[in-house]
There are 2 protein chains.
Amino acid sequence: MNVTAAQKRLIEKLGVFFEGQGRTPAEARIIGLLLVADQLEMTLEEIQHTLGISKSAVNNAINVLMLTQQLEYVTKPGDRKKYYKSKIEQWMSHVEEHVEKALEGRILLKEALDQRSKSTKEFNTAMKDMIEFMEFVQSHHQEMFAKWKKSKGRS
Amino acid sequence: MNVTAAQKRLIEKLGVFFEGQGRTPAEARIIGLLLVADQLEMTLEEIQHTLGISKSAVNNAINVLMLTQQLEYVTKPGDRKKYYKSKIEQWMSHVEEHVEKALEGRILLKEALDQRSKSTKEFNTAMKDMIEFMEFVQSHHQEMFAKWKKSKGRS
DNA sequence: TATTTAGTTCTGCAAATTCAGAACCAAGTA
DNA sequence: TACTTGGTTCTGAATTTGCAGAACTAAATA
């Protein structure tokens, strides 16, 4: 057995969370597995049997996760298998993307505000305030990420 | 006609965006309509005909959006109709929730880290770094939101 | 050349989502 | 009391999603 019962429960919890982030159930559980399991690198077959999902589902999920930079694989000499592992260093950019996406609406909101009749003054002002705050949060955010990246680049 | 062709296009763009935020197509377009239209308050029937979706779909969507505090309605004396409008002042808390949700994974990641074998040192350190940064971003966010709320409370 | 192995692709089903349309209810109005 | 009106609820149909299972490919091995 690759993972304990407790680990399986945690994988499910992580699974539910990542589903909420827009991943499919299979993708979500694979991410969870590779965060929780002691074994950092696993083959398609190992993932399949540990999670109890089909080969095709694992294969599709893995490929999506590689396209989105959440997984990578390593190989071993004289071994055709691929050993998949979580690309954890890349994770920060996913968090970044997610926060970014939450704030991205400000662009469309601005477009909406720009075309509004000037007569609904109170409403327009409320909209403007919100857009400005979103811009403020957004720029702070960029700053924080930039700082973090720089500190990592040096250390 | 309640909205122009250009406004309809913008409503669709907003619709796609809000679908990405987890709303249904009908919900997403109603939010968009009430952000774009000059007329700030609209009845169920007006919404129905402007967007070209069924009464039941509008009704269901409206009720969901009221539960999630994105819409409210006002009434007029001697008029049974409800006039729905965007609860724009409440919008900031939605942005807040969204950002919060993006950062919420840190709690589960911490749980995952805590149960990891100590032997995968490098991986564990990378995980820890990320969790710490997410905590840092999170506290900054809270601070920013708190400040904004306070400034709005006063002004 | 036949067989095994790792991974990929295709087909179709099962579940979930979303909505239209119809029936319905409750509060007024004629 | 019957009719209208605003809103609600129910049912079923159309999509969409996600995956299992089988067929398949390509490389390595016997």
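Let me begin with a question: which side chain has an N or O atom 2.8 Å from a base oxygen of DNA strand D? The side chain is that of S56(A). Such a pair is a polar contact, that is, two N or O atoms within 3.5 Å; within protein, one must be able to donate a hydrogen and the other to accept it, and residues adjacent in sequence count only if both atoms are side-chain atoms.

A word on conventions. This is a predicted model, in which local features need pLDDT of at least 70 and side-chain atom pairs count only at pLDDT 80 or more, while totals for chains, interfaces and linings use all residues. Residues are numbered from 1 along each chain as its sequence is written, chains are lettered from A and ligands numbered from 1 in the order in which they are written, and side-chain values use heavy atoms, with hydrogens and water left out.

I return to DNA strand D. Chain B also reaches its bases: a polar side-chain atom of K55(B) lies 2.7 Å from a base nitrogen, and an N or O atom in the side chain of R80(B) is 2.6 Å from a base oxygen. Two or more residues of the surface near this strand come from each of α2 (25–36) and α4 (55–67) of chain A, and from each of α4 (55–67) and β2 (79–86) of chain B. Here helices (H or I, at least four residues) and strands (E, at least two) are DSSP runs, numbered from the N terminus. The largest share, 5 residues, is that of α4(B). There are 17 residues around DNA strand D, and S54(A), K55(B), N59(B), R80(B) and K82(B) come nearest; a residue is near when one of its heavy atoms lies within 4 Å.

Let us turn to DNA strand C. Around it, too, are 17 residues, of which K55(A), N59(A), R80(A), K82(A) and S54(B) come nearest. The side chain of R80(A) places an N or O atom 2.7 Å from a base oxygen. The phosphates are approached as well: a polar side-chain atom of K81(A) lies 3.0 Å from a phosphate oxygen, and a polar backbone atom of K82(A) is 2.6 Å from a phosphate oxygen. The element that gives the most to this surface is α4(A), with 5 residues.

Chain A is more spread out than a compact globule, because its radius of gyration is 21 Å, well over the 15 Å that the globule rule gives for 155 residues. That radius is taken over C-alpha atoms, and the rule is 2.2 Å times the number of residues to the power 0.38. Along the principal axes, the C-alpha atoms fill a box of roughly 70 × 40 × 30 Å.
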